[in-house]
Amino acid sequence: MKRPIAHRALAGLAFALLALAGCKDRSGEAAAAASTPITPSLIPAPVDLQTSAGTFAIDGDTRLFAEGDAATRVAQQFSAYLQSAGAPALKTTREDGKGLIRFVLEAAGAEGTSPEAYTLDVTPDGVTVKAHDERGLFYGAVTLWQLVTQGDKGRVTLPVLHIEDAPRFTWRGFMLDPARHFQQVEDVKKIIDAMALHKLNTLHWHLTDDQGWRIEIKQYPKLTGIGGCRIPAGDGGKDPKTGEPRPYCGFYTQDQIRDVVEYAAERHITVVPEINVPGHATAAISAYPELGSIDTPLVPSNEWGVFPNLVNVEEPTITFLENVLGEVVQLFPGTYVHIGGDEAVKDQWEASAREQARMRQVGAKTEMDLQGYLVERLEKYLSTHGKRLIGWDEILEAKLPPEATVMSWRGIEGGLQAARQGHDVVMSPSNKTYLDYLQTASPNEPPGRPALITLQDVYGFEPVPEELEESQRHHILGIQANLWTEHTRTFARLQHNAFPRLAAVAETGWTPAAKKDLASFIARLPTQLKRYDAIGLGYAKTPFEPLIATEDDRKAGTAKVTLSNPLDYPVHYTTDGSEPTQASPTFATPLDVKLPVTVRAAAFADGRALAPASTFELTPAAMLTRTDEAMGVCPDAGRLLLRLEDDGPLEGERAIFNATIFYPCWQWNQADLDGIASIKVRAGRIPYYFQLAHDEPARTFEAAKSPLGELEILGGGCKGHTLATVPLPAAPNADGFLELDAPLPAGTTGKQDLCVRFTGDTRPQMWVLDRITLQPR
């Protein structure tokens, strides 16, 4: 479909990004400002930070001192990160003395000292970063980088301070998913740098899935030649000029893998590859059908969800997997290899005479035992190469080798069970650490799963369950955030979804639990945003924008306006169309306004707007319209709500719709129908690209009463009485939309819960609501 995007909140004037640049000739006013020491604002918060009287200023003339290869590498990385933020390059010196930034690698520390620990001292004579390991020295440099980037124009005055710091957890991770939507190497490196500057140390790389195989395996070239390409659904998979299929392809060569792994290692990040079996294997089976459990030919999927396609567990397939892992282990020097194991629906194994025979051969009583047998075989193979197996928590459903590590994603229960069985655990629950879920209720959020996981939710997660016995708590290795990319088509969206929530994950992974404080974190976040701006990191603006809610009185021509911010930063506003400033009124209580009115608002902290001002045009006509984002979900009618992107155009922006895919319906609660003659509905149509496995019976729809189905509008909710029915056409208009006018019965009055739904099967395409408008008589 092709059509313009409707802007629900108009952006105001953009404020300039803060850049750091060297400047020797300073005005008296600037010099006075530079002489004022900063208040340290660090994320993650260090274990201990003490300040005292005195200062030390850093500018473009400050020199770096380091002895030995490791310390010199860290000094050079520190300087490079400063330059990436727009600061001047700091030169090195071979002569130790006063006025320097010193990087000192000391002899090995006491037993039990974390290799990631460091100390940082600022005195009037200079700065010294010390550690017993290059990793710790690097993290000390990151802390110093954060302090220096609090300054302006290449100069910062630091207070005298002492920091002693070490991480709480050894696993502080982020999962990147190129299988669904591919990230180029330079984008992966940008994520690695951002992780390093948050003191994260593990990149979990989800390289295979139903939609694509993304790693070159030289022994099996079809994995990328066939498994690396799919035809996207709908218009997104067609060349607009010829109508011919246009594949979506991408994979990393082994040379590129080595490059990324080396780049990450230089920043003390270990890359953990994932080769997912036995499920999420459609792309692999498409390339080599003999791996499958059925004879039906497959292609890499353009749908999302849970698929039935499993690899078989026969000896040739195990040999194939061992050969694949044999190449993988040569590319990734880290300890762990992830073998997936999640969402492996066993229907195909249950129906396969070959797999049933294989179960009897290996002594597996259930299909889950057969998966356990595969996990055990792969664990033994990996152990012979000095590697440890890690998998999603479903691997606990069969006997698990003692050395296996569990990544708990279906809540914390799997982690509890695994730790009590003596397995190491990485906590990664989907309801707290999945970053493809929306982070605010703003209509400006990109596509994703609209169940909210706010920054506050992420920050509040505690990886060590209170109920876990003290004797087993050492098995909790740490925390990981996952970003699945079914709905994350661009790198800009990936950054939006990850930041700033990944900063909250970083603080949980590093900072002692007793030191964590949400109010402090939110107070430190505006300084972190300046750093993001300086390095060009495309973080989400939605948590820093104002939200608006209105209650209108159509007869009186007035409205009651409530403004808020998702993180509770103060909101300043104007009602005359002017740009809000720090001096503008602060929203405190609902505003009674006469329509029409233009409300402009922005959230402020530290004297500046945290995002461009939002503009809300409130008119009598606007009060009669609701977009899909502002509509409710019909109660008790299937609540799998998704924020879905249109299937076209092939390039550029696409429209976005909120839809419940189990039962598509939208509800305008307490719509005022007094004086309303008809209802205009604007709708689009998108492919139904979901695989639901055993949840498929939960997908319901209203049966069509005519060949093409109907638009139905009900009063009293989705189980109420029919107010209007309009036949649907065979297809939308050329712009991808249709507009239908539904006259209301004479005498329809009062406030009612209006339900909008479309009849007919949602496969292969479903109608989706864009907006609804009440039309007066």
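**View 1. Gly-391 stands opposite Val-406 of strand β19.** This is a predicted model, in which local features need pLDDT of at least 70 and side-chain atom pairs count only at pLDDT 80 or more, while totals for chains, interfaces and linings use all residues. Residues are numbered from 1 along each chain as its sequence is written, and side-chain values use heavy atoms, with hydrogens and water left out. Strand β18 (residues 388–392) runs parallel to β19 and is joined to it by three bridges; two strands count as paired if DSSP finds at least two bridges between them. Strands (E, at least two residues) and helices (H or I, at least four) are DSSP runs, numbered from the N terminus.

**View 2. The side chains of strand β19 (residues 405–408) point two ways.** Thr-405 and Met-407 point one way, whereas Val-406 and Ser-408 point the other way, and all are buried, that is, under 20% relative accessible area (1.4 Å probe, protein chains only).

**View 3. Strand β19 also pairs with strand β20 (residues 425–427), in the parallel sense and over three bridges.** Within this pairing, Met-427 of β20 is the bridge partner of Ser-408.

**View 4. Strands β2 and β4 stand at the edges of an open sheet of seven strands.** The order of this sheet is β2-β8-β6-β7-β5-β3-β4, and its pairing is mixed. Because β2 (48–58) and β4 (92–93) each have a single partner strand, one side of each is left without a neighbour in the sheet. The pairing of β2 with strand β8 (residues 156–165) is antiparallel and covers nine bridges, and Thr-51 stands opposite Leu-161 in β8.

Methods: Buried < 20%, exposed > 50% of the residue type's maximum accessible area, 1.4 Å probe, protein only.
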